[in-house]
Amino acid sequence: MNNYLLKIVLLCTFFILFSSEILIPTTVFKPNTAGVVLSFDDDYINEWYATNQKLKKYSWKASFCVSKINTLTIFELKKLQELQKEGHEIAGHAYNHYNAVDFICDHSIEEYRQQEINPMLDLMNFYGINVTSFVYPYGSRNKKLDAALLQQFKIIRGRAFCETNPKKQGCYYDNKRLVFSFSIDDTHNHFNIPYLLKLLDYSKVNNKIVILNCHKTVNIVNGDYQTKNQTLELICKYIKKNNMKFYSLSDFTPQQYTILQ
Ligand SMILES: [Zn+2]
């Protein structure tokens, strides 16, 4: 009788194993709430500070990516500290703003670190600025630099190549520590308001986070590398109206979990 029962159990197990689908553990990423990263490059601290006064009513958040920290006045440094205190991110954008790929043509990556990264981090740390993200000057990067800098930073940002189809733009967060941004400077070849709205619409519909970059913020454009405050206000209104979210680069942490499928 016992043998008979054992045979039945074995037969049932065999049947279950081979008649049903085998479940395989797979790692997937948690979908993000749709939103935007507004990042600002270089050292336009006074202009950024004035922009923040106008946009704080939208409870916005930005990543201010600062270069040449050693040239800032005490008043500019105080403004940076205030921006950090309000919840904005201060990121690194190199000490001298050298083109990293050009620099390592005749220097080692260690020399790049010693001239562009370490003095910047030391000084920012001295001023109480907490830096976890790095933005390449001119978006100039390669894989060797990425590997070296990812040892020191949580997130690094390059610049997106330009495509006309919003779906093919490389400027959305995709759970990687290397991200790319699209420039909304007014004189940038590929920037215009209808296209910016397409990027925001694509993010909203597909739960994406679009990463944008600016330089000097102005009311009236009178040169290159300038972004209109009006454009930034339009983005803030869009984010609020559509219940989307403001992110900083430092917010990016891949949210992985495992499912059986
Ligand atoms: Zn720059």
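Me: What spacing do the donors of the zinc ion follow along the chain?
Reply: The spacing is D-x50-H-x3-H. Keep in mind that this is a predicted model.

Me: Which residues are those, and which atoms coordinate the zinc ion?
Reply: Asp42 coordinates through OD, while His93 and His97 each use NE2. The distances run from 2.1 to 2.2 Å.

Me: Where do Asp42 and His93 sit in the fold?
Reply: Asp42 is in strand β2, residues 35-42. His93 is in the loop between β4 (89-92) and α4 (100-103). The two are 51 residues apart, so the pair links distant parts of the chain.

Me: Is Asp42 buried or exposed?
Reply: Asp42 is buried, because its relative accessibility is 13% and the cut-off for buried is under 20%.

Me: And His93, buried or exposed?
Reply: Buried as well, with a relative accessible area of 1%.

Me: Switching to pockets. How much space lies in the largest pocket?
Reply: About 250 Å³.

Me: Which residues lie nearest its centre?
Reply: Tyr138, Arg159, Asp185, His215 and Tyr225. They belong to a lining of 16 residues.

Me: Which elements give two or more residues to that lining?
Reply: Those are β2 and β6, the latter spanning 155-159. Strand β2 is also where Asp42 sits.

Me: What's the lining like by class?
Reply: There are 7 polar, 6 charged and 3 nonpolar residues.

Me: New topic, Ser203. Where is its place?
Reply: Ser203 is in helix α7, which covers residues 193-206.

Me: Buried or exposed there?
Reply: Ser203 is buried, because its relative accessible area is 0%.

Me: What does Ser203 touch?
Reply: Leaving out residues up to four places away in sequence, Ser203 touches Ala34, Gly35, Tyr172, Lys208, Val210 and Met244. One of these, Gly35, falls in strand β2, residues 35-42.

Me: Now the whole protein. How many helices and strands?
Reply: The count is 8 helices and 12 strands.

Me: What share of the residues is buried?
Reply: Buried residues are 43% of the 261.

Me: What share of the contacts joins residues at least 24 apart?
Reply: That share is 72%, taken among contacts between residues at least 6 apart in sequence.

Me: Last one. How much accessible surface, and what part belongs to carbon and sulfur?
Reply: The accessible surface comes to about 14100 Å². Carbon and sulfur atoms hold 54% of that.

Conventions. Residues numbered from 1 in each chain as written. Predicted model: local features only at pLDDT ≥ 70, side-chain atom pairs only at ≥ 80, totals over all residues. Heavy atoms only, no water. Helix = DSSP H or I, 4+ residues; strand = E, 2+ residues; numbered from the N terminus. Buried < 20%, exposed > 50% of the residue type's maximum accessible area, 1.4 Å probe, protein only. Contact = heavy atoms within 4.5 Å. Areas by Shrake-Rupley, 256 points an atom, 1.4 Å probe, with all protein chains shown as cover. Donors = N, O, S within 2.8 Å, 3.2 Å for Na, K, Ca; no water. 1 Å grid on protein atoms, 1.4 Å probe; cavity = no way out; pocket = protein on both sides within 12 Å on 5 of 7 lines; lining within 4 Å. Points joined across faces, edges and corners; volume = space filled by probe spheres on them. Nonpolar A, V, L, I, M, F, W, Y, C, P; charged D, E, K, R; others polar.
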